[in-house]
Amino acid sequence: MSIGEMLAATVPMARTLNLEFLETNRDRAVVSLPDQGAYHNHVGGPHAGAMFTLGESASGAIVLAAFGDQLSRAVPLAVRAEIAYKKLAMGAVTATATLGRPAAEVVAELDAGQRPEFPVTIEIRRADGAVTGEMTVVWTLRPNHQD
(Lines give C-alpha, C1' and ligand atoms only; values in the text may rest on other atoms or scores of the structure.)
Protein backbone atom coordinates (compact mmCIF):
# COMPACT_ATOMS: atom_id res chain seq x y z
CA MET A 1 0.00 0.00 0.00
CA SER A 2 1.39 3.41 -0.95
CA ILE A 3 1.56 6.29 1.53
CA GLY A 4 -1.19 8.07 -0.39
CA GLU A 5 -3.43 5.00 -0.24
CA MET A 6 -2.69 4.59 3.46
CA LEU A 7 -3.56 8.24 4.20
CA ALA A 8 -6.74 8.04 2.14
CA ALA A 9 -7.71 4.90 4.06
CA THR A 10 -6.90 6.20 7.55
CA VAL A 11 -7.58 9.96 7.38
CA PRO A 12 -11.28 10.59 6.70
CA MET A 13 -10.73 14.24 5.77
CA ALA A 14 -8.38 13.25 2.93
CA ARG A 15 -11.14 11.03 1.54
CA THR A 16 -13.80 13.68 2.10
CA LEU A 17 -11.89 16.20 -0.03
CA ASN A 18 -10.94 13.54 -2.64
CA LEU A 19 -7.27 14.45 -2.30
CA GLU A 20 -5.02 12.88 -4.91
CA PHE A 21 -1.57 11.80 -3.71
CA LEU A 22 0.51 12.27 -6.88
CA GLU A 23 4.04 11.78 -5.55
CA THR A 24 5.40 10.81 -2.16
CA ASN A 25 9.02 10.14 -1.32
CA ARG A 26 11.63 11.23 1.22
CA ASP A 27 12.37 14.40 -0.76
CA ARG A 28 8.89 15.73 -1.46
CA ALA A 29 5.19 15.01 -1.48
CA VAL A 30 2.79 16.34 -4.10
CA VAL A 31 -0.95 16.27 -3.40
CA SER A 32 -3.78 17.69 -5.50
CA LEU A 33 -7.18 19.04 -4.53
CA PRO A 34 -9.58 18.64 -7.49
CA ASP A 35 -11.92 21.51 -8.36
CA GLN A 36 -15.15 20.61 -6.52
CA GLY A 37 -18.07 22.97 -6.09
CA ALA A 38 -18.92 21.56 -2.66
CA TYR A 39 -15.61 22.93 -1.33
CA HIS A 40 -15.68 26.38 -2.97
CA ASN A 41 -15.58 29.70 -1.16
CA HIS A 42 -17.67 32.80 -1.86
CA VAL A 43 -15.62 33.68 -4.99
CA GLY A 44 -15.77 30.23 -6.59
CA GLY A 45 -12.32 28.89 -5.72
CA PRO A 46 -11.24 26.29 -3.18
CA HIS A 47 -12.17 27.24 0.39
CA ALA A 48 -9.29 28.31 2.67
CA GLY A 49 -10.00 25.36 4.97
CA ALA A 50 -9.77 22.92 2.07
CA MET A 51 -6.44 24.43 1.03
CA PHE A 52 -5.18 24.18 4.62
CA THR A 53 -6.16 20.51 4.71
CA LEU A 54 -4.45 19.97 1.34
CA GLY A 55 -1.19 21.47 2.65
CA GLU A 56 -1.33 19.65 5.97
CA SER A 57 -2.00 16.36 4.15
CA ALA A 58 1.01 16.91 1.88
CA SER A 59 3.14 17.59 4.94
CA GLY A 60 1.88 14.39 6.58
CA ALA A 61 2.71 12.39 3.48
CA ILE A 62 6.35 13.50 3.43
CA VAL A 63 6.64 12.93 7.18
CA LEU A 64 5.48 9.33 6.70
CA ALA A 65 7.84 8.87 3.76
CA ALA A 66 10.82 10.27 5.67
CA PHE A 67 10.10 8.74 9.09
CA GLY A 68 7.90 5.70 8.43
CA ASP A 69 10.73 3.47 9.62
CA GLN A 70 10.50 5.16 13.06
CA LEU A 71 6.80 4.42 13.69
CA SER A 72 7.56 1.51 16.00
CA ARG A 73 9.14 3.91 18.49
CA ALA A 74 7.62 7.34 17.82
CA VAL A 75 4.36 8.91 16.68
CA PRO A 76 4.50 11.83 14.23
CA LEU A 77 2.28 14.71 15.36
CA ALA A 78 1.66 18.16 13.92
CA VAL A 79 2.61 20.78 16.55
CA ARG A 80 1.63 24.04 14.85
CA ALA A 81 0.96 25.44 11.40
CA GLU A 82 0.91 28.74 9.58
CA ILE A 83 -0.51 29.50 6.16
CA ALA A 84 -0.37 32.59 3.96
CA TYR A 85 -2.85 32.98 1.12
CA LYS A 86 -0.92 34.78 -1.64
CA LYS A 87 -3.14 34.83 -4.74
CA LEU A 88 -6.66 33.87 -5.64
CA ALA A 89 -6.87 30.12 -6.12
CA MET A 90 -9.28 28.91 -8.79
CA GLY A 91 -9.75 25.40 -10.12
CA ALA A 92 -7.64 22.49 -8.97
CA VAL A 93 -4.70 23.30 -6.70
CA THR A 94 -1.60 21.26 -5.91
CA ALA A 95 0.53 21.29 -2.77
CA THR A 96 4.22 20.38 -2.77
CA ALA A 97 5.78 19.65 0.62
CA THR A 98 9.48 19.46 1.51
CA LEU A 99 11.29 18.75 4.78
CA GLY A 100 12.91 21.76 6.39
CA ARG A 101 15.62 19.71 8.14
CA PRO A 102 17.58 16.62 7.10
CA ALA A 103 15.77 13.46 8.23
CA ALA A 104 19.02 12.01 9.63
CA GLU A 105 19.37 15.02 11.96
CA VAL A 106 15.83 14.51 13.27
CA VAL A 107 16.40 10.79 13.82
CA ALA A 108 19.68 11.54 15.63
CA GLU A 109 17.74 13.71 18.11
CA LEU A 110 15.24 10.89 18.57
CA ASP A 111 18.14 8.47 19.15
CA ALA A 112 19.47 10.87 21.81
CA GLY A 113 16.19 10.60 23.74
CA GLN A 114 14.84 13.96 22.60
CA ARG A 115 11.48 14.83 21.09
CA PRO A 116 12.61 16.46 17.85
CA GLU A 117 10.65 19.15 16.05
CA PHE A 118 11.07 19.93 12.39
CA PRO A 119 9.33 22.13 9.83
CA VAL A 120 7.73 21.03 6.59
CA THR A 121 7.28 23.78 4.01
CA ILE A 122 4.47 23.64 1.49
CA GLU A 123 3.72 25.61 -1.66
CA ILE A 124 0.20 25.54 -3.03
CA ARG A 125 -0.11 26.28 -6.75
CA ARG A 126 -2.94 26.61 -9.20
CA ALA A 127 -2.81 24.99 -12.67
CA ASP A 128 -1.03 27.96 -14.27
CA GLY A 129 1.84 27.56 -11.78
CA ALA A 130 1.11 30.66 -9.70
CA VAL A 131 1.74 30.21 -5.99
CA THR A 132 -1.57 30.75 -4.22
CA GLY A 133 -0.44 29.76 -0.74
CA GLU A 134 2.61 29.12 1.39
CA MET A 135 2.43 27.03 4.50
CA THR A 136 4.67 25.67 7.22
CA VAL A 137 3.68 22.80 9.48
CA VAL A 138 5.98 22.03 12.41
CA TRP A 139 5.95 18.34 13.29
CA THR A 140 7.39 16.33 16.15
CA LEU A 141 8.26 12.69 16.60
CA ARG A 142 6.84 11.86 20.02
CA PRO A 143 8.65 8.87 21.52
CA ASN A 144 6.17 6.14 22.46
CA HIS A 145 7.30 6.19 26.09
CA GLN A 146 6.15 9.83 26.59
CA ASP A 147 2.70 11.38 26.99
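Which residues make a nonpolar surface patch of about 250 Å²? I looked this up in a predicted model, in which local features need pLDDT of at least 70, side-chain atom pairs count only at pLDDT 80 or more, and totals for chains, interfaces and linings use all residues. I kept the numbering from 1 along each chain as its sequence is written, and the side-chain values use heavy atoms, with hydrogens and water left out.

**Entry: surface patch.** I found that Val43, Leu88 and Met90 make the patch. Such patches join nonpolar side chains (Val, Leu, Ile, Met, Phe, Trp, Tyr) within 5 Å, from residues with over 30% relative accessible area and no salt bridge. Areas come from the Shrake-Rupley method with a 1.4 Å probe. A salt bridge is a side-chain nitrogen of Lys or Arg within 4 Å of a carboxyl oxygen of Asp or Glu.

I located Met90 in the loop between β3 (74-85) and β4 (93-99); strands are DSSP runs of E, at least two residues, and helices runs of H or I, at least four. Met90 counts as partly exposed because its relative accessibility is 38% (buried is under 20%, exposed over 50%, partly exposed in between).

**Entry: Thr132.** I placed Thr132 in strand β6 (residues 131-143). Thr132 is buried, because its relative accessibility is 0%. Beyond four places in sequence, its contacts (heavy atoms within 4.5 Å) include Leu88, Met51 and Ile124.

**Entry: core.** I noted 36 residues in the largest nonpolar core, with Val120 and Phe118 among those touching the most other members. A core joins buried Ala, Val, Leu, Ile, Met, Phe, Trp, Tyr and Cys residues through side-chain atoms within 4.5 Å. Helix α3 gives the most to this core, 10 residues.

Methods
Patch = residues over 30% accessible without salt bridge, like charges linked within 9 Å, V, L, I, M, F, W, Y side chains within 5 Å. Buried < 20%, exposed > 50% of the residue type's maximum accessible area, 1.4 Å probe, protein only.
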